[in-house]
Amino acid sequence: MKLSIIGSGYVGLVTGTCLAEAGHTVLCVDNNQAKVKELQAGHIPIYEPGLEELVRRNVQLKRLSFTASTQEAVANSEVIFIAVPTPPQDDGSVDLSYVEAVAREIAEALPAYRIIVDKSTVPVKTGEKVAETIRRYGPKGIEFDVVSNPEFLREGSAVADLQKPDRIVIGVASQRPVAAMRAVYEPFKAPIIITDLNSAELIKHAANSFLALKITYINLVAAVCEAGGADVTQVAEGMGSDARIGRAFLQAGLGYGGSCFPKDVSAFIRIAEEMGVDFGLMREVEKINAAIPERFLKKIRASLWTMRDKKIGQLGLAFKGNTDDVRCSVAVELIRRMAAEGAIIRCHDPKGGEKAKELLPKNVEIMADAHQVAEGADVLIIATEWPEYRLLDWSKIKTLMRTPRIFDGRNLLNPAEMISLGFEYTSIGR
Ligand code: NAD
Ligand code: UGA
């Protein structure tokens, strides 16, 4: 099938590439001309495991191409996906101006029947608005369908998540686009759930909010474990082995960050409020999550006595492991707060250094080698769950530090091993 994706970011580029890999012909659009040029020249602007190779192969096979023209995409595709940003506004509600702008652009370019699929995360009833906009700005008499197809990929495992999804949700207002949407996803051999438009949109916000709630729950349990002399990893294992609970998303740490959970939780609270439902439960989740960095810093301050002029090494800048994305990263937030207190900071991230640069205070050094952050350090922090940090030469790190103290915000290392190497080792809920 001929498909196009408007917006070639973390979601659009990976979705477009995986749809091309599945055999479709895909045109990825972006209004950032520099990004399109970069993609056309074979450079991938984001780090996502496995993506580069797939892009290269599908470009070579002429199944994947890039353009800055939405008009070209609309003219040449049966199905047009929208994957543009839906950032938060100051009051927590969603800025839908990117989606609205694309709806208008599609409308103005509509040559014949098309299926317009919203993949951006949007509030319930956005699909109805998109349809209304296309009717208003589009040519009279040309039919179209608007479909909601929320995306559930995680950064860092986006290619695998897309190629082997737990389910594909397709929300429709009529039966007409269903067969084509099934054909788009047929190669993935995944369960397809057909819903109405509003329910599909709500599934996405409800799912992200529930996952944020689950993480927050285990972070609170971790605080109780610390006070009660228990180990949150063992508690999570015991709880999570109940099939009704599940082990996933019970990793205690520095709280949830990233470009999605924080904004989607506030959006869901706002949407519910606008409809007369007080979602105080999720407001509490936001409050608890926001307090986690300070709780962690308190432990570090208690050990350092004062922060000023202390040398701090931090491993991790990305909001989670296996990505270069530093949007709403707790790791970046920690550095900002410690720098404001006068600490001298060196940090490292396998992929996120470049993107973090503009978010960090000028005097913070980003090192090329993880071991360098330990040189002369009073404290070493693990702020992002990069698996490769487990494999560092921890004996060498011990000798490089001025005082061998580790604060592991992601429970990445084995406490007994670290203590036997001679570190003072503090983690979360263990
Ligand atoms: P992103 O910022 O990485 O990418 C969005 C892209 O859209 C950018 O490249 C931008 O230049 C482009 N764009 C903006 N306006 C455009 C226009 N008018 N025409 C063409 N291109 C335009 O964002 P993202 O992380 O890919 O998120 C996109 C949507 O998907 C959001 O609603 C987000 O909530 C949702 N989502 C994200 C993830 C994730 O893990 N990042 C997962 C699921 C859902
Ligand atoms: C999340 C969801 O998992 C995806 O299903 C969804 O599509 C996406 O948001 C979205 O809508 O954008 P993502 O933010 O990429 O994906 O990454 P997650 O793996 O969910 O991690 C989010 C945050 O929670 C990270 O800061 C991570 O460190 C933290 N986390 C995650 C924990 O602290 N503990 C856990 O057990 C899991």
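Predicted model: local features only at pLDDT ≥ 70, side-chain atom pairs only at ≥ 80, totals over all residues.
**Exercise 1. Surroundings of T323**

Work out where T323 lies, whether T323 is buried or exposed, and what T323 is in contact with.

*Solution*

- Step 1: Start with the secondary structure. T323 sits in the loop that runs between β9 (311-315) and α13 (330-340).
- Step 2: Turn to accessibility. The relative accessible area of T323 is 0%. Buried means under 20%, so T323 counts as buried.
- Step 3: Look for a polar partner. A polar atom of the T323 side chain lies 3.0 Å from the backbone nitrogen of D325.
- Step 4: Now set aside the neighbours within four places in sequence. T323 is then in contact with Y10, Y47, E155, G156, A318, D349, K351 and W386.

**Exercise 2. The shell around ligand 1**

*Solution*

- Step 1: Find the nearest residues. Ligand 1 has 27 residues around it, and D30, K35, T86, E155 and K263 come nearest.
- Step 2: Check the atom pairs. One oxygen atom of ligand 1 is 2.5 Å from an N or O atom in the K35 side chain.
- Step 3: Consider the cover. Ligand 1 taken alone exposes 830 Å², and the protein buries 91% of that.
- Step 4: Sort the shell by class. Ten residues are nonpolar, nine polar and eight charged.
- Step 5: Trace the helices. α5 (97-109) and α1 (10-21) each supply at least two shell residues, and α5 gives the most, with three.

Conventions. Residues numbered from 1 in each chain as written. Chains lettered and ligands numbered in written order. Heavy atoms only, no water. Helix = DSSP H or I, 4+ residues; strand = E, 2+ residues; numbered from the N terminus. Buried < 20%, exposed > 50% of the residue type's maximum accessible area, 1.4 Å probe, protein only. Polar contact = N/O pair within 3.5 Å; in protein donor to acceptor, adjacent residues only side chain to side chain. Contact = heavy atoms within 4.5 Å. Near = heavy atom within 4 Å. Areas by Shrake-Rupley, 256 points an atom, 1.4 Å probe, with all protein chains shown as cover. Nonpolar A, V, L, I, M, F, W, Y, C, P; charged D, E, K, R; others polar.
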